[in-house]
Amino acid sequence: MEAVKKIRKVMNTCLMSLCIFLFALMVVVGTYQICTRYFFGRPSTVSEELLTYSFTWMALLASAYVFGKRDHMRMGFIADKIKGKAKQILDIVLEVMIFGFASLAMVWGGYSIMMLSMHQKTASLGIPMGYVYTVLPLSGLFIAIYAILNIIDMAHGKDLELTDGIEEKGDIA
């Protein structure tokens, strides 16, 4: 169980660092975009495209991070009424479904789209669109790994919704 906790902490740190970097990049590029547009009257198409792709990357990686911390929104009005072993089984089944979606749609589908679009170039940056789509299988891989870690924790009887947030708050202080 200690290994699961360490893996989760490393993944959280990596994703958080990537999101912080992307957000800082967006601030710098956005400031540059504003300066070129309003002070020089010549908007930069490169910065506009870079902002769009950076925002997409940050949104998908941040969603994987939030999923890993189990802070995502859910409608639990039915699931929260179930108690005991039935709740544990339902939670594991839901995690298996999430793993299936992340693996098939995001990792496999994202990889397929990424490979199909490697010959297309972006308009301003001139890089292959496949590089832009790399975030789909990457974030799907993170979500799939988090789902596996959640299943392991649930199989060992750990109630993730009650303990995970408390542990993380303790790590910050």
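Visitor: How much space lies in the largest pocket?

Guide: About 230 Å³. Keep in mind that this is a predicted model.

Visitor: Which residues lie nearest the centre of that pocket?

Guide: Arg70, His72, Arg74, Leu94 and Ile98, out of a lining of 14 residues. Helix α3, residues 84–116, gives the most to that lining, with five residues.

Visitor: What makes up the lining of the largest pocket, by class?

Guide: Six nonpolar, two polar and six charged residues.

Visitor: Arg70 came up there. Why is Arg70 called buried?

Guide: Its relative accessible area is 18%, and buried means under 20%, so Arg70 is buried. You'll find Arg70 in the loop between α2 and α3.

Visitor: What is there to say about phi of Arg70?

Guide: Phi is near 60° for Arg70, a positive value in a residue other than glycine. For background, most residues other than glycine have a negative phi.

Visitor: Let's go to Ser139. Why is Ser139 called buried?

Guide: The relative accessible area of Ser139 is 0%. The cut-off for buried is under 20%, so Ser139 counts as buried. Ser139 is found in helix α5, residues 135–155.

Visitor: Which residues is Ser139 in contact with, leaving aside neighbours within four places in sequence?

Guide: Leu60, Leu61, Ala64 and Met106. Take Leu61: Leu61 and Ser139 are 78 residues apart in sequence, yet 5.5 Å apart in space, C-alpha to C-alpha. For Ser139 and Gly110, 29 residues apart along the chain, the C-alpha separation is 9.6 Å.

Visitor: And Leu61, why is that residue called buried?

Guide: Leu61 has a relative accessible area of 0%; under 20% is what buried takes, so Leu61 is buried. Leu61 lies in helix α2. Not counting residues up to four places away in sequence, Leu61 touches Leu15, Leu18, Cys19, Leu22, Val135, Leu138 and Ser139.

Visitor: Which residues have the most contacts inside the largest nonpolar core?

Guide: Leu15, Leu61, Ile143 and Tyr146, in a core of 20 residues. The elements giving two or more residues to this core are α1 (2–38), α2 (45–68), α3 and α5. Of these, α5 gives the most, with seven residues. As a general point, nonpolar side chains tend to be buried together in soluble globular proteins.

Visitor: What does Ile143 contact, leaving aside its neighbours within four places in sequence?

Guide: Ala64, Phe67, Ile98, Ala102 and Met106. Ile98 is also one of the residues nearest the centre of the largest pocket.

Visitor: How do you know that Cys19 is in no disulfide?

Guide: The count of disulfides comes to zero. For Cys19, the nearest cysteine sulfur is that of Cys14, 11 Å away. A disulfide needs the sulfur atoms within 2.5 Å, so Cys19 is in no disulfide.

Visitor: Cys19 and Cys35: buried or partly exposed?

Guide: Cys19 has 11% relative accessibility, and since buried means under 20%, Cys19 counts as buried. Cys35 has a relative accessible area of 27%. That falls between the cut-offs of 20% and 50%, so Cys35 is partly exposed.

Visitor: One more. What makes Tyr133 partly exposed?

Guide: The relative accessible area of Tyr133 is 30%. Buried is under 20% and exposed is over 50%, so Tyr133 is partly exposed. Tyr133 lies in helix α4, residues 129–133. Leaving aside neighbours within four places in sequence, Tyr133 is in contact with Gly110, Ile113, Met114 and Ser117.

Conventions. Residues are numbered from 1 along each chain as its sequence is written. This is a predicted model: local features need pLDDT of at least 70, side-chain atom pairs count only at pLDDT 80 or more; totals for chains, interfaces and linings use all residues. Side-chain values use heavy atoms; hydrogens and water are left out. On a 1 Å grid over the protein atoms alone, a cavity is a set of points where a 1.4 Å probe fits but cannot get out, and a pocket is an open set with protein on both sides within 12 Å along at least five of seven lines; lining residues have an atom within 4 Å of a point. Grid points are joined across faces, edges and corners, and a volume is the space filled by probe spheres set on the points. Helices (H or I, at least four residues) and strands (E, at least two) are DSSP runs, numbered from the N terminus. Ala, Val, Leu, Ile, Met, Phe, Trp, Tyr, Cys and Pro count as nonpolar, Asp, Glu, Lys and Arg as charged, and the others, Gly among them, as polar. Buried means under 20% relative accessible area, exposed over 50%, partly exposed in between (1.4 Å probe, protein chains only). Contact means heavy atoms within 4.5 Å. A nonpolar core is a set of buried Ala, Val, Leu, Ile, Met, Phe, Trp, Tyr and Cys residues joined through side-chain atoms within 4.5 Å.
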